[in-house]
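I opened my notebook to look up a few aromatic residues and their surroundings. My notes follow in the order I made them.

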Amino acid sequence: MGRGPENEIVLDGPGCEMVSQLHLEITRKGDHFRVRDLDSTNGTWLGGERITEAEIAGGKTIRLGSVGPEFTFVIDHGTTAELDRTVEISTATVAGMVSGSVSASAEHDQMLTDAVTRARRLRSELGHGQTMTIMRHVIDSALKRTHRRWRRVVLALVAALVVISAGGLWRIVVLVHQKRVIDARIREIEAQLEKADANQEQADRLVTQLNEYEVQAQSLEQNALYRLGARDSSGYVNRELRAVMTEFGAEVYSIPPDFVERVNHYIEIDLGPNKPLITKALSDGGQKLQLVRQVLEREQLPQDLAYIPLVESAVTQDQTSAAGAAGPWQLMAPTARAFGLRVDGQVDERKDLLKATQASSQILRSLILDFGGGSSVMLALAAYNLGPGKVKQAVVKTVRDPIKQRNFWYLYRTRALPAETREYVPKVFAAILIGRNPSHFGL
């Protein structure tokens, strides 16, 4: 299944921009079916969870991409027709099958009998010419009675539909109310987590509660009736953040409000004081960003990481910081040399966009592999800014649990990350959102 013509199921149309050329395959072995993601860009979801490969049963929902098209997997074994033998049907069964039609036609038979009797009597008394009038009257009467019968049937069906619809609407109202209550509770917990005086024990307790509510909310979102009544009231920035994080593998039900606030803050700066630099990078430097994307794609890294040099240097190749970082990716000399770049008195390959991007891609890949976990790209962004050693030192001092040490959102909420890094990641996301849709921001 995918967008490419070589698929057995070709997807095209609205919502299919999230679908890869070869997105997934479903295979059968005996009575068992398995779905496998074919290294798609936006992933495959089964029952609300992103999967690489999993067994699938009837009634499960498959979604291509975080907000792409959805399908319900239905297994219908059917029955095999046996056409080589005589089938015996009891008279009782036949009687049950035809009883309805007999009772329905008996009244019409009586009407026709009466009409024939009347026609014969009138013809003997008055002569010919009255038969068609009588028959027309009988037919009109039959049609009126039939219409009345069908009107009663239709009214009964409409009444049943109204009852069913009312029950469904009430269920939708209940589900939407439950979701609002859960979302309100989540906002309360997020507000408590933002308090600077929350200690580690309090933070752990609040994050545990938050995770429980998120599971409940996600379960409600998978309900088909809820989807009929739900309305997406989140703003543009929130929706786009979710889309990018899903592509990064860092999807989360609730994005911390202060993270969204910092993203909006840096969007305002990029559209204010930094607007000339951003405009130049997206217009005059558009070809440069395209080159960066191509390198990232070859390295199988998220192409939105191309906006890191937009934050670092506005894709300016000759820029050098006070700390000695140089080039569009602002690489330090020791790091650049460690990843194969020549930096000496005669040549500084940090200022070569292609070579610097190739080296930076290797750096990002190394960081992603180093941190691992579902939010590894987010942690890689944090480490690219501060260095993996400093990030790990800061995290280990605050968090002892090795699993939580690799969860970006836990580290962000509990303020385990250094302040500089907490600012850097929203700054990159602000550039990503502007770069993905500059026309939305008036660029």
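This is a predicted model: local features need pLDDT of at least 70, side-chain atom pairs count only at pLDDT 80 or more; totals for chains, interfaces and linings use all residues.

**Entry 1: W409.** Is W409 buried or exposed? Its relative accessible area is 5%. Buried means under 20%, so I wrote down W409 as buried.

Next I looked up the ring pair of W409 with Y412. The two ring centres lie 6.3 Å apart. The planes stand at 70 degrees. Over 60 degrees counts as edge-to-face, so I filed W409 and Y412 under that heading. Both residues belong to helix α14. They are three residues apart, about one turn of the helix. I checked Y412 as well: like W409, Y412 is buried.

**Entry 2: a charge over a ring.** I stayed with Y412. Which residue has its charged end over the ring of Y412? I found R422 there, with its charged end 4.0 Å from the ring centre.

**Entry 3: aromatic pairs.** I asked how many aromatic pairs there are. The count is nine. One of them joins F259 and W409. Their ring centres are 5.1 Å apart, and their planes meet at 75 degrees. This pair is therefore edge-to-face too. I then looked up where the partners sit. F259 is in helix α6 (residues 257-270). W409 is in helix α14 (residues 408-413). The two are 150 residues apart, so I noted a link between distant parts of the chain. F259 has 0% relative accessibility, so it counts as buried.

I also noted a cluster made by ring pairs. Its members are F259, F408, W409, Y412 and F429.

**Entry 4: F71.** I moved to another aromatic residue. F71 lies in strand β7 (residues 70-72). Is F71 buried or partly exposed? Its relative accessibility is 29%, so I put F71 down as partly exposed. I listed what F71 touches, leaving out residues up to four places away in sequence. The list is M1, L11, K60, T61, I62 and L64. I also looked up L46, which is 25 residues from F71 along the chain. The C-alpha atoms of F71 and L46 are 9.9 Å apart.

**Entry 5: the whole chain.** I ended with totals. The chain has 443 residues, and 37% of them are buried. I counted 15 helices and seven strands. Among contacts with a separation of 6 or more, 53% are between residues 24 or more positions apart. The accessible surface is about 25800 Å². Carbon and sulfur atoms hold 54% of that surface.

How values were computed. Residues are numbered from 1 along each chain as its sequence is written. Side-chain values use heavy atoms; hydrogens and water are left out. Helices (H or I, at least four residues) and strands (E, at least two) are DSSP runs, numbered from the N terminus. Buried means under 20% relative accessible area, exposed over 50%, partly exposed in between (1.4 Å probe, protein chains only). Contact means heavy atoms within 4.5 Å. Accessible areas come from the Shrake-Rupley method with a 1.4 Å probe; for residues, only the protein chains shown count as cover. Rings of Phe, Tyr and Trp (its six-membered ring) pair if their centres lie within 6.5 Å; planes under 30 degrees apart count as stacked, over 60 as edge-to-face and the rest as tilted. A charge sits over a ring if NZ of Lys or CZ of Arg is within 6 Å of the ring centre and within 35 degrees of the ring normal.
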